Amino acid sequence: MRLSYEHVQTLAFSIDVILIVVASIFSGIIYHLVIFSTSGDIIQYTSFGFLTAIIFTFSNHFRSLYAGQELLDFHKQVRSILFNIILTFFVLTSIAFSLKISVLISRGYVGLFFFATLLSLVVSRAVWRHFLHIALDRGLFVRRRILAICEDDRDLAGPTITELRRYGHMPVSTLNIPAGDVSQEDIHGLIRQAATASQNLSIDEIVIAISIHRLKIVTQLVEELRSLPLPVRFAFDGASAEVISRPAHQLGGILSFQVQRHPLSFSESVLKRSLDIVAASAALIALAPTMLLTAVAIKLTSPGPVLFKQMRFGVNGKRFQILKFRSMSVLPEGADFRQASRNDARVTWVGRIIRRTSIDELPQFWNVLRGEMSIVGPRPHAVAHDEAYESLIQRYAMRRFMKPGLTGWAQVNGSRGETPNVESMVLRVQYDLWYIDNWSIWLDASIMFRTLLLLCNPKDVY
């Protein structure tokens, strides 16, 4: 029995529900057999497992993590699983505490359930990745017989057809749209050929692969293909897919795609600012001893101020003074400012420790409380670098659409530390712009969590 690629998402969702419920029952029975020599209340384990599964799977579904392409990214899936499990158990604990029913749930069972769920879901993702790679490479998905209508350009149509084959679509006939202007008679001719092919070749679906620059032809094809009782799909790739995949909004009779989002709405700004205040306040209280010891170590081991202050561009280009613990024996500033590099002689021995552990960034929580920065956002660069790169990289200034952050989407995706060439900065800007266009409070929470994991294994920090 073959699986349709479109059904992968539903199947992955369902399997997660089953795994979580089974993990709950298994954990409850094992815990009570070991501690009390009884199997315990299986109905209670099932109910708790089902409630956990609902919260976890809908959180995953909301973030589109069950899509086939997402299931291929094993490392991203593991990070998301860990984040969502912690979030789910936090929500359940809060509910149990508020309803005063936490005493009815054994902490030993909950702990065992947590690790059983984590293990089973991680193993399932490894299996999914392995299965999808094999299925895509060997063409194991259900073969849908399609009629492909493509542009008469092999460079454009070839890759699209190849990709369709990989995901279970089997072109049994191909019709070509001629280059240049296409007359109404040409369109009628294509439709007649399509009708003949659908009758003689048992076509399941019509797929049109055409450049977005020829949308006028798309409109004509849509109208004419209504005469055929077959599903019709348009396939876009490259720049066209980038536009079509953006959030769509209906404006009366107009459908618009948001290719560049506006600044945060009032409610979104309040939500993000609230998260910043809570997180920064908690961090400053919890890390106060560390910050005090760092300040003393800097003062006793090298001459100069404890804090390093430097002008940076903030939201909408407004300048502010960023705060860091001083990690160098000199205070670089101005147009000659040079980023720290590996084995940089300017970095003190205390500076190496605090830079390696990111302790030097802790004073920026004050910048967050003052409203100059956010916990998550594009990392601010020195003014000299900003002015230099702005003339070299298109849309570089768009990074100032949002407040700069202590951490960001670029940093958790490996683009952190020194940017020795324009190409490395281009990559960072691409990540930053993606974050701005796709912002959500869930994305911020995910980045904060992934940053904590990165701090345990710092790389590319000098």
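Predicted model: local features only at pLDDT ≥ 70, side-chain atom pairs only at ≥ 80, totals over all residues.
**Overall make-up**

- The chain has 17 helices and 10 strands; helices (H or I, at least four residues) and strands (E, at least two) are DSSP runs numbered from the N terminus.
- Of the contacts in the chain with a separation of 6 or more, 74% are between residues 24 or more positions apart, where contact means heavy atoms within 4.5 Å.

**The parallel sheet**

- An open sheet is formed by 4 strands in the order E2-E1-E3-E4, with parallel pairing; two strands pair if DSSP finds at least two bridges between them.
- Strand E2 (169-177) and strand E4 (232-235) are the edge strands, and each pairs on one side only.
- From one strand to the next, the twist averages 25 degrees; axes are lines fitted to C-alpha atoms, for helices over the stretch in contact, and angles run from 0 to 180 degrees between N-to-C directions.
- Strand E1 (residues 144-151) runs parallel to E3 and is joined to it by 5 bridges; Ile-149 stands opposite Ile-208 in E3.
- Helix H7 (residues 184-200) packs on the sheet, where it touches E1 and E2, and its direction makes about 155 degrees with that of E2.

**Loops on either side of E3**

- Asp-204 lies in the loop between H7 and E3, and counts as partly exposed because its relative accessibility is 33%.
- Not counting residues up to four places away in sequence, Asp-204 touches Arg-143, Arg-144, Arg-145, Leu-230 and Pro-231.
- Asp-204 and Pro-229 are 25 residues apart along the chain, and their C-alpha atoms are separated by 10.0 Å.
- Ile-210 is in the loop between strand E3 (205-209) and helix H8 (215-225), and counts as buried because its relative accessibility is 5%.
- Leaving aside neighbours within four places in sequence, Ile-210 is in contact with Glu-151, Ile-177, Ile-217, Val-218, Ala-235 and Phe-236.

- Strand E7 (residues 307-313) and strand E8 (residues 319-325) pair in the antiparallel sense over 7 bridges.
- Within this pairing, Lys-309 stands opposite Leu-323 in E8, and Met-311 stands opposite Gln-321 in E8.
- The hairpin has 5 residues between the strands, and Asn-316 takes a positive phi near 60 degrees in it.
- Because 5 of the 7 residues of E8 are buried, E8 is largely enclosed by the rest of the structure.

**Helix H14**

- In helix H14 (residues 383-390), the residues Val-383, Ala-384, His-385, Asp-386 and Tyr-389 are buried.
- The cover over the buried residues of H14 includes E7, E8 and helix H16 (422-437).
- His-385 has its place in helix H14, and counts as buried because its relative accessibility is 15%.
- His-385 and Arg-312 are 73 residues apart in sequence and 9.8 Å apart in space, C-alpha to C-alpha.

**The cavity**

- The count comes to 1 cavity of 30 Å³ or more; on a 1 Å grid over the protein atoms alone, a cavity is a set of points where a 1.4 Å probe fits but cannot get out, and lining residues have an atom within 4 Å of a point.
- The largest cavity holds about 70 Å³ of space; grid points are joined across faces, edges and corners, and a volume is the space filled by probe spheres set on the points.
- Its lining has 13 residues, and those nearest the centre are Phe-313, Pro-380, Arg-399, Arg-400 and Pro-404.
- The lining of the largest cavity divides into 6 nonpolar, 2 polar and 5 charged residues; Ala, Val, Leu, Ile, Met, Phe, Trp, Tyr, Cys and Pro count as nonpolar, Asp, Glu, Lys and Arg as charged, and the others, Gly among them, as polar.

Note on methods:
Residues numbered from 1 in each chain as written. Heavy atoms only, no water. Buried < 20%, exposed > 50% of the residue type's maximum accessible area, 1.4 Å probe, protein only. 1 Å grid on protein atoms, 1.4 Å probe; cavity = no way out; pocket = protein on both sides within 12 Å on 5 of 7 lines; lining within 4 Å.
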